[in-house]
Amino acid sequence: SLHDALPISRLAKEDARLIYLLFFEEVTIKDAAQIMGCSRKTIYNRRKRILSELRSILHDLGIVGGAF
């Protein structure tokens, strides 16, 4: 299905939730930490890890360096 093909759908539910909050709802790091019940440092670290994971997923799909 289309949903299963979306890179964000391959993330753990809480990781997808954080990405949605940060990039689609444009929630601040501070507010995301409050919503997720953790520290700002945890949000920074999770965001870095998740973006690296998404980069890898996109690479596996043949989407590399902005080239589709």
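These legends describe close-up views of helix packing in a predicted model.

**View 1. Helix α2 from end to end.**
Helix α2 covers residues 13-24. It has 12 residues. From first C-alpha to last, α2 reaches 15 Å, close to the 16 Å expected at 1.5 Å a residue. Buried positions in α2 are D15, A16, L18, I19, L21 and L22. These buried residues pack against α3 and α4. Two of the buried residues, D15 and L22, get their own views below.

**View 2. Helix α2 crosses helix α4.**
The axes of α2 and α4 are 10 Å apart, and the helices pack at an angle of about 100°. The two helices are therefore roughly perpendicular to each other. From α2, the contact uses E14, D15, L18, I19, L22 and F23. From α4, it uses I43, R46, R47, R49, I50, L51, E53 and L54. Sorted by class, the contact of α2 with α4 holds eight nonpolar and six charged residues, with no polar ones.

**View 3. D15, a buried acidic residue in α2.**
D15 sits in helix α2. Is D15 buried or exposed? Its relative accessibility is 7%, so D15 counts as buried, the cut-off being under 20%. Setting aside neighbours within four places in sequence, D15 is in contact with R46, R49, I50 and E53. All four of these partners are listed on the α4 side of the contact between α2 and α4.

**View 4. R46, a buried arginine in α4.**
R46 belongs to helix α4. Its relative accessible area is 16%, so R46 is buried. Which residues does R46 touch, not counting those up to four places away in sequence? They are E14, D15, L18 and M36. E14, D15 and L18 are among the α2 residues that meet α4. M36 is one of the α3 residues in the contact with α4. R46 itself is part of both contacts, with α2 and with α3.

**View 5. L22 and its surroundings.**
L22 lies in helix α2. At 11% relative accessibility, L22 counts as buried. Beyond its neighbours within four places in sequence, L22 is in contact with V27, T28, I29, A32, I43 and R47. I43 is one of these partners. The two residues are 21 residues apart along the chain, and the C-alpha atoms of L22 and I43 are separated by 9.8 Å.

**View 6. Helix α3 against helix α4.**
Helix α3 (residues 29-36) packs against helix α4 (residues 40-60) at an angle of about 100°. Their axes are 8 Å apart. That angle makes α3 roughly perpendicular to α4. On the α3 side, the contact is made by I29, K30, A32, A33 and M36. On the α4 side, R40, I43, Y44, R46 and R47 take part. What classes of residue make up the contact of α3 with α4? Six are nonpolar, none is polar and four are charged.

E26 lies in the loop between α2 and α3. Just after α2, this residue takes a positive phi of about 55°. Is E26 buried or exposed? With a relative accessibility of 66%, E26 counts as exposed, because the cut-off is over 50%.

Definitions and conventions
Residues numbered from 1 in each chain as written. Predicted model: local features only at pLDDT ≥ 70, side-chain atom pairs only at ≥ 80, totals over all residues. Heavy atoms only, no water. Axes fitted to C-alpha atoms, helices over the stretch in contact; angles between N-to-C directions. Helix = DSSP H or I, 4+ residues; strand = E, 2+ residues; numbered from the N terminus. Parallel < 35°, antiparallel > 145°, perpendicular 65-115°, else oblique. Contact = heavy atoms within 4.5 Å. Nonpolar A, V, L, I, M, F, W, Y, C, P; charged D, E, K, R; others polar. Buried < 20%, exposed > 50% of the residue type's maximum accessible area, 1.4 Å probe, protein only. Expected span 1.5 Å × (residues − 1).
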